Amino acid sequence: MQIGQVIRQYRKEKDMTQEEMANRLGVTAPAVNKWEKGSSMPDITLLAPIARLLGISLDTLLSFREELTWEEIQDIIYTLNSMLRKQFFEEAFAYAKEKIAQYPNCESLILEAAVLLNAARMRVENETENNETVILVPPDSKQSGKKAESCDKKEVYGEEQEHGMDEQHGESKAPGVNRKERTGGQCDTNESAGKDSTEEDYDTVINGWLTGALKSEQEQIRTMAADALFAFYLSGEQYEKAEACLVYYSEQNPERKFKQARIYSKTGRTKEAYQTYEGLLLDLYQKIDLLFHSIGALAAQDQNMDKVRAMARKHSALAEIFEMGEYHRICGGLELAVMEKDVEATITIMQQLLACTDDLYHFTEAPLYEHMTFRELRPEFAAQIREDLLKSFQDEATYGFLQGDSRWKEIVGI
């Protein structure tokens, strides 16, 4: 809250007129009126007397806060988002800059405002490249000696704008101007539309906020800032700078690998891009497979057999989608058959698994992973898998219900 608003609020609570307040402070009523309207500020020597007169602290008078609450941050971001939807980028930018100047150490506010404005300027770039309108300054800016930047008649910021960036993968479809052709904020048009030297360099300020956020002690803030900067540099074809952002992710982070693959694909390193994408697919299969197995085990613990069956079906479909081979497709059904003590299904799956142990690493030859390089498997490896399976099939605690079946005895060699 501005100091004038604070003075007005507490003056009214004291049931005091502007003239009464002026008389008490030794100033004129018009001076108090100007304070409250925000057209002028009280002299610094009057701050303590004003606070005492209104019965408040200097911190309250100056709206001093060590930290903003989460709700207050969201209120500011909501207002900023509304301005981007309904007004002009320059006004939204100025609002964000003002709030950040008031709370320069509030990392969450700085990050969220920067991410939102980053998305907005990138959207303008996309629309500029499609010969749509880019209006970065309000129409009345001409009255203040500034030029309104536009490439057409259509107003960009009246359209719906979601809070934030796309998509975790960092290519938000939102504002700025074409960075590849931008000099001092000019649009890439056949006309010489540009902006005066007095106009803000949006890129420098927003990137400065994001770069500052990279130094945060909070990993989430560092990562979100890196996401936004990566998107900015990638869309501007500044691939070296985009790649430099990857150091803010651990080497095992799938997001880092995904972003690296995108840089490979943009810079002509097609084989490396394929290999990285395919490696991510293989990692993703293993994670999803483990999740299906864990959910199935939990459902079995709750005696929810419908859920167990559903997870078994999904396990099988997953292996097929990811081209993992027959062994992986059928192995999930064995646990379900054992749980249900289904003799026929258990025997059938046992026989199928033993018959396709050579297929365990089918994925190494699958088209889906054709660019990856796998170590050559020794022939004895499949034999070892088969031997391990046979040993497990002899476990009475698990397969005791098969003891009277001659086929089981034949399988385990009894």
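This is a predicted model: local features need pLDDT of at least 70, side-chain atom pairs count only at pLDDT 80 or more; totals for chains, interfaces and linings use all residues.

Trainee: Okay, helix 1. Which residues are buried there?
Mentor: Helix 1 covers residues 3-13, and its buried residues are Ile3, Gly4, Val6, Ile7 and Arg11. They span an arc of only 160 degrees around the axis, so they sit on the same side of helix 1.

Trainee: And what do those buried residues pack against?
Mentor: Four helices: helix 2 (18-25), helix 3 (29-37), helix 4 (47-54) and helix 5 (58-61).

Trainee: What follows helix 1?
Mentor: Aspartate 15, with a positive phi near 55 degrees.

Trainee: Switching topic. How do helix 16 and helix 17 pack?
Mentor: Helix 16 (residues 343-355) meets helix 17 (residues 379-393) at about 160 degrees, and the axes are 10 Å apart. Over 145 degrees counts as roughly antiparallel, so that is what helix 16 and helix 17 are. Their crossing is left-handed.

Trainee: Which residues make the contact?
Mentor: Helix 16 gives Met350, Leu353 and Leu354; helix 17 gives Arg386, Leu389, Leu390 and Phe393. By type, that contact has six nonpolar residues, no polar ones and one charged.

Trainee: Last one. Where is phenylalanine 401?
Mentor: In the loop between helix 18 (396-399) and helix 19 (406-412). Its relative accessibility is 22%, so phenylalanine 401 counts as partly exposed.

Trainee: What does phenylalanine 401 touch, leaving out residues up to four places away in sequence?
Mentor: Val338, Lys341, Asp342, Val343 and Thr346. Aspartate 342 is 59 residues from phenylalanine 401 along the chain, yet their C-alpha atoms are separated by 9.0 Å.

Notes
Residues are numbered from 1 along each chain as its sequence is written. Side-chain values use heavy atoms; hydrogens and water are left out. Buried means under 20% relative accessible area, exposed over 50%, partly exposed in between (1.4 Å probe, protein chains only). Helices (H or I, at least four residues) and strands (E, at least two) are DSSP runs, numbered from the N terminus. The arc is that of the directions from the helix axis to the C-beta atoms. Contact means heavy atoms within 4.5 Å. Axes are lines fitted to C-alpha atoms, for helices over the stretch in contact, and angles run from 0 to 180 degrees between N-to-C directions. Angles under 35 degrees count as roughly parallel, over 145 as roughly antiparallel, 65 to 115 as roughly perpendicular and the rest as oblique. A crossing is left-handed if the near helix is turned anticlockwise from the far one by less than a right angle, and right-handed if clockwise. Ala, Val, Leu, Ile, Met, Phe, Trp, Tyr, Cys and Pro count as nonpolar, Asp, Glu, Lys and Arg as charged, and the others, Gly among them, as polar.
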